[in-house]
Amino acid sequence: MMKIQVRCFARFQDAFGEEQILDLPDGATVRDAVRVLAGTGPDAGLLVDAEGNIRSYVMIMHRDERISPMDAEEVLLVDGDVIILFPPVSGG
């Protein structure tokens, strides 16, 4: 098992809290972490669709790199990793 920190901003923070510590099995991916986080709140649909795929508009940062939702299944996590989630940015 490993502990992963997930930080959320803006609308995601309102739905899932500013920071969550997730216990995940070894070999878990960024996609796994987002799916687990989605299960912690009533607004899972903000992050994942009915099939459990991360929504295309979710901006994911991991180790100072932006991760595409489509690539999140390929990115392995290690104990102590931090994932940052941003909703789409809109100007005004």
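Reader: Why is Glu73 called partly exposed?

Author: Its relative accessible area is 47%. Buried means under 20%, exposed over 50%, and partly exposed in between, with a 1.4 Å probe and protein chains only. Glu73 therefore falls in the middle class.

Reader: What kind of model is this, and how are residues numbered?

Author: The model is predicted: local features need pLDDT of at least 70, side-chain atom pairs count only at pLDDT 80 or more, and totals for chains, interfaces and linings use all residues. Residues are numbered from 1 along each chain as its sequence is written, and side-chain values use heavy atoms, leaving out hydrogens and water.

Reader: What makes Glu73 and Arg31 a salt bridge?

Author: Their closest N and O atoms are 3.0 Å apart. The rule asks for a side-chain nitrogen of Lys or Arg within 4 Å of a carboxyl oxygen of Asp or Glu. The pair therefore qualifies. Glu73 lies in the loop between strand 4 and strand 5 and Arg31 in helix 2, so the bridge ties together parts 42 residues apart in sequence. Helices (H or I, at least four residues) and strands (E, at least two) are DSSP runs, numbered from the N terminus.

Reader: Is Arg31 buried or exposed?

Author: Arg31 is buried, because its relative accessible area is 12%. The C-alpha atoms of Arg31 and Pro69 are separated by 7.6 Å. Pro69 counts as buried at 17%.

Reader: How many salt bridges are there by this rule?

Author: The count is four. One of them joins Arg7 and Glu19, at 3.9 Å from N to O. Arg7 lies in strand 1 and Glu19 in strand 2, so this pair ties together parts 12 residues apart in sequence. Another joins Arg63 and Asp81, at 3.1 Å. Asp81 is buried, because its relative accessibility is 7%.

Reader: Why is the pair of Phe9 and Phe86 called stacked?

Author: The ring centres are 5.1 Å apart and the planes stand at 10°. Rings of Phe, Tyr and Trp (its six-membered ring) pair if their centres lie within 6.5 Å; planes under 30 degrees apart count as stacked, over 60 as edge-to-face and the rest as tilted. Both values meet the limits, so the pair is stacked. A search of the whole structure finds one aromatic pair.

Reader: How do you know that strand 1 pairs with strand 2?

Author: Six bridges join them, in the antiparallel sense. Two strands pair if DSSP finds at least two bridges between them. Lys3 stands opposite Asp23 in strand 2. Strand 1 also runs parallel to strand 5, joined by four bridges. There Arg7 has Ile84 as its bridge partner.

Reader: What makes strand 1 largely enclosed?

Author: Five of its seven residues are buried, so the rest of the structure largely encloses strand 1.

Reader: Which residues touch the most other members of the largest nonpolar core?

Author: Leu47, Ile60, Ile83 and Leu85 do, in a core of 27 residues. Such a core is a set of buried Ala, Val, Leu, Ile, Met, Phe, Trp, Tyr and Cys residues joined through side-chain atoms within 4.5 Å. Helix 2 gives the largest share, five residues.
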